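Please read it beside the sequence and the model.

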Amino acid sequence: MLANSRVLAADFDLINPRSLEEVLSLLAAHGDRAALLFGGTDLLVQMKMGRRSSEKVINCRWLEELKGIQEIGENLEIGAGSSLNQVGEDERVRREFPALEDAILSIAGPAIRHMGTIGGNVVNASPAADAVVALVAHRARFRLQNQTGTRVVDSTEFFLGPGKTVRRPDEILTHILLARPQGMSVSGHFRKVGRVAGDIAKLSVAVTAEKSLVGVVNWHVAMGSVAPTPVVLCEVEALLNHNRPLDGDITSAIRATVAQSITPIDDVRSTAWYRKRVSGVTVSDLCEQVWKEFEGGKA
Amino acid sequence: MPEVGRNLPRKDGVAKISGKEPYSHDIHLPNMLYAAVYRSPLAHVRIRYVDTSGAQALGAICLTPQEVPDVIYNERIVSIPTKTYKDRRVLPTVARHVGEAIVGVAAETEELAIRALSSLRIDFEPLPSVLNAEEALKPESPKLYDRIWLGEKPIEMTGNIACERHITEGDPEAGFREADFVVERRYTTPRKYHGQMETKAAVCQPLPNGGINVWATVQSVHNVRQVLGQIYGIPLSKVNVKKLSIGGSFGSSIQMNSIIPICVGLALKSGRPVKLISPREDDMYDHSHYQTEMVLKVGVKQDGTFTAAKMNVIADIGAHHIQADALLGVMAGWLASLYKWKNFQFDGQAVYTNKVPGCALQGFGNPLVNFAVEQHMDIIAEMLGRDPVDLRLQNYIGEGDVFWGQGPSIKSIIESCGVEEILREGSTRIGWNQRREPHEKSGRYRRGIGVARGFHTSGTAGPKPGDVIDFSSATIKVNEDGTVDILTPVIDHGGGTGEAIVKIVADTLHVPYTMVELSDVDARTTGYDVATHATRGVYCGGGAAAHVAEEVRTQILAMAGRILDEEPSGLALDLTAERGTHVYVQSDPNRFVSLKDIAKTAQIKSWGTMAATGSYRQSSAPPCFMGHFVEVEVDTETGEVRVVRAILLSDAGTVVNPDLLAGQLIGAFARGIGFALQEHTQTLPSGTLNHGGWLTDYRMGTSCDVPPPDAMDVYFAHTYESTGPFGAKGVAEAALSSVWSAVANAIYNAVGVRVYDLPITPEVLLEALSAPQLIEA
């Protein structure tokens, strides 16, 4: 009963570095004892609630180097410090990574999306993070950097558990890399089952696919809030990728498969039973929606 | 053109939307300390010793249970003293729920105060706790209290029953024997949070004369003043409580908020002004709505007439008795006043548990009773093969009948009633005739239409004094330029009570709305008003203002008579575009004098100020009726319910603020959807709340969760309540009364599954849909 979401009573040093280089040297020096502050929509709340304490808070909010979206080679590179609104409103994101746009629009409200950043949503590693589910479906990769260099990790391998990732204490997530689709057209959707609009997910699903000369290919399906980390539904993807067109038999098979791929729990938002029951329905609904868009020529 | 009934800019509108309207959170005084509260981590615990040395070392001032006056009180003094149960102190020596305040701490900054909380060392003796009413009723269960008080009379407690009420009219057993059918069901409603926008705050300034000034979140400046005077032994003339805007309340501040006396104690101890703001989490551990179990039994004849009704209620009131006795009385009253049961029995028990204290929430038991009765009506209609609307029209209590919504001591004869208009208009607008039965529907998404009707009282007054105090006061004066000041103690929760009072006074004095203002007032500058509760703001507060304005009007005519050299009885007050507000000679309308000239003349000639102060008690507590026609869509694969369309129909008598009334109906409907489908607070075995006090985990609906504006149709019945100011009644709490039942009835109509326990979450509904034995044939 000592925690509250009103006042940040903890004592800490707020450091305002002027460059990424400075951030890296601060991380090298303080590592575990430091927290990186971007939008603060998770970090500051957690600090107020006493769920997290850090001696040093490194404020990266104003670092232009980490903001913006660029086309580099075959990738779209999103700076980790870009606000959720900035990403969700980007024309290229909307055209080529529609599930990500959907997911971002489902997060809280405009004010939070203005403050919150895409990198924060990733590194915070909440099993319920909406943008993360879409990023996993879009098979994003994450670029991490420390003083010695950079490395790139697949989004499917980045998350280890609630609040846990492969990021080392001296590393910062600098960019999110999205491979631009090569097919004729692309479709994708995200759906969150919540208690009310803008809620934290009871469960969430992202589905993406591309249309090529041979048909609808590259189906990717990911879920959130149904396991400690985002889940890639490989078996569902296989069903979709090996069976065309999408008909009633396949959707029934999808429904049956989903419940076996997830390990949901009971919590304040929902029950394991409900999550299992409704995950299959939601995944097949969304796959049908994507399929129909290709069929109807919308995508 | 009268001002009553017009849509006019709010008096506080610009200040509120520009952030300039001061709330208690905004009060800053020089040399002020900031406070925080240490709250019990355990459900039931004796506080042996509080070591404050660590906190003091940080420069904090602490207030412990040993340092507060040993006064047992009830923070709600709406009921008369002999009907007021008392069981709490400012800070307890035994904490009876997780989150009960134990120690107050004040420091130079709020951050420092919160850090000082962590430095307190408290020696606890854990006591066994009981966390549900059923358990609490068992003789072997731990007892919360050895002794409580009813007025000045001690009550030695043998168990956990805080109070009970048994009310019978007629011969219910004979009634049930007469019935062709007897229908009995058990309904439950959960604990839930008020969710008012403003969390509670208090600022207390100790005065050199031993008095205090208080700025706080209150629904009544006078009651808070009196409780503080009583606790701290300060004469009321030295206790002042300021009237401020309040960011909603939904009943959670009818009583004095628990942080106010803590703030006062800290201010008196430190000798400095102290500000104490409840974080949202503290607020969620401070009050809750009552959890109830209701077993309703109704006897009915084949022709649809009722022969008897019997309701058993167990209310889990949590750790303190704030108003449980009144709750049981009104629950009986809501039941008795809905339909002509002929014979009637109510048995209610209010039970202490080691949970967050329960208190009134918009409707004070009314939506709970309605949830049972209005579902029962549909069940009976289906059983008899009757149309649910017709069955209601056959049996409703209306014009000429007795209404005793606020309990058996407050009875009125209904003289205005819009029930029939509401039900007929609603049926037409929703397309009731096209409504199909559940078994005629198929497919994954199924739509259903439901109806429910409800009401609320307008105030708690009546022809004779009851268990509840009800009168209001006003001071009205005419300024020297003909403008008018109103000093009213009535708190506006945001629904426009203030504007309504301005319009009522403006029309009584024939002064334009723009020339009448509400003064900044406090308990010292106003007469008594019991509280803005029981949907009484316009009817009772406005009624008192109208009464006092009549006296001012008499004075205006008298002054004008001196100027015009006429008897006041031959004069009339009027407002025209050319003359403005003026008094004219009835036999010679060309002879007139403007109100401005009357006021100025009265000043120059030293005749005095035209002003009056008075109190007034309404002679009735008329019901304001409500009807909800709702269409829902159920996704049978996920259990999700979407409310797609709604007709909201009210009978508020004369509509004083049309836009604001529409807003109130829509707002209450939106909240009601949340209560029906989503909101509930569960207490875990540890005594903590399932959402931990975090608003992110106690989700309330958003504007996206209600039907779009063009799918919500608002309708006002055409009635006139002759006892009310300009024909007005209340509406506020009525607006929520029948939402849950209408939604539940619509869900049944969609999928043929009836859910008796709120909230009807997708989890609950999907499970019910998966269990065919639950479906009623």
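A residue is called buried if 20 or more other C-beta atoms lie within 10 Å of its own, exposed if 12 or fewer do, and partly exposed in between, with C-beta atoms placed from the backbone. Helices (H or I, at least four residues) and strands (E, at least two) are DSSP runs, numbered from the N terminus. This is a predicted model, in which local features need pLDDT of at least 70 and side-chain atom pairs count only at pLDDT 80 or more, while totals for chains, interfaces and linings use all residues. Residues are numbered from 1 along each chain as its sequence is written, and chains are lettered from A, with ligands numbered from 1, in the order in which they are written.

Helix α5 (residues 98-105) of chain A is largely enclosed by the rest of the structure, because seven of its eight residues are buried. Among these buried residues are P98(A), L100(A), E101(A) and D102(A). Those of α5(A) pack against several elements of chain A, including α8 (130-137), β11 (185-193) and β12 (203-212). By contrast, G215(A), which belongs to strand β13 (residues 215-224) of chain A, is exposed, with 12 other C-beta atoms within 10 Å.

Chain B has 19 helices and 33 strands. Its radius of gyration (taken over C-alpha atoms) is close to the value from the globule rule (2.2 Å times the number of residues to the power 0.38), so chain B is as compact as a globular protein of that length. The table collects values for this chain.

| Property of chain B | Value |
|---|---|
| Radius of gyration | 27 Å |
| Box of the C-alpha atoms, along the principal axes | roughly 85 × 70 × 50 Å |
| Residues that count as buried | 59% of 777 |

Two residues are in contact if their C-beta atoms, placed from the backbone, lie within 7 Å. The contact between the chains takes 31 residues from chain B and 22 residues from chain A. On the side of chain B that touches chain A, the largest share, six residues, comes from α3(B).
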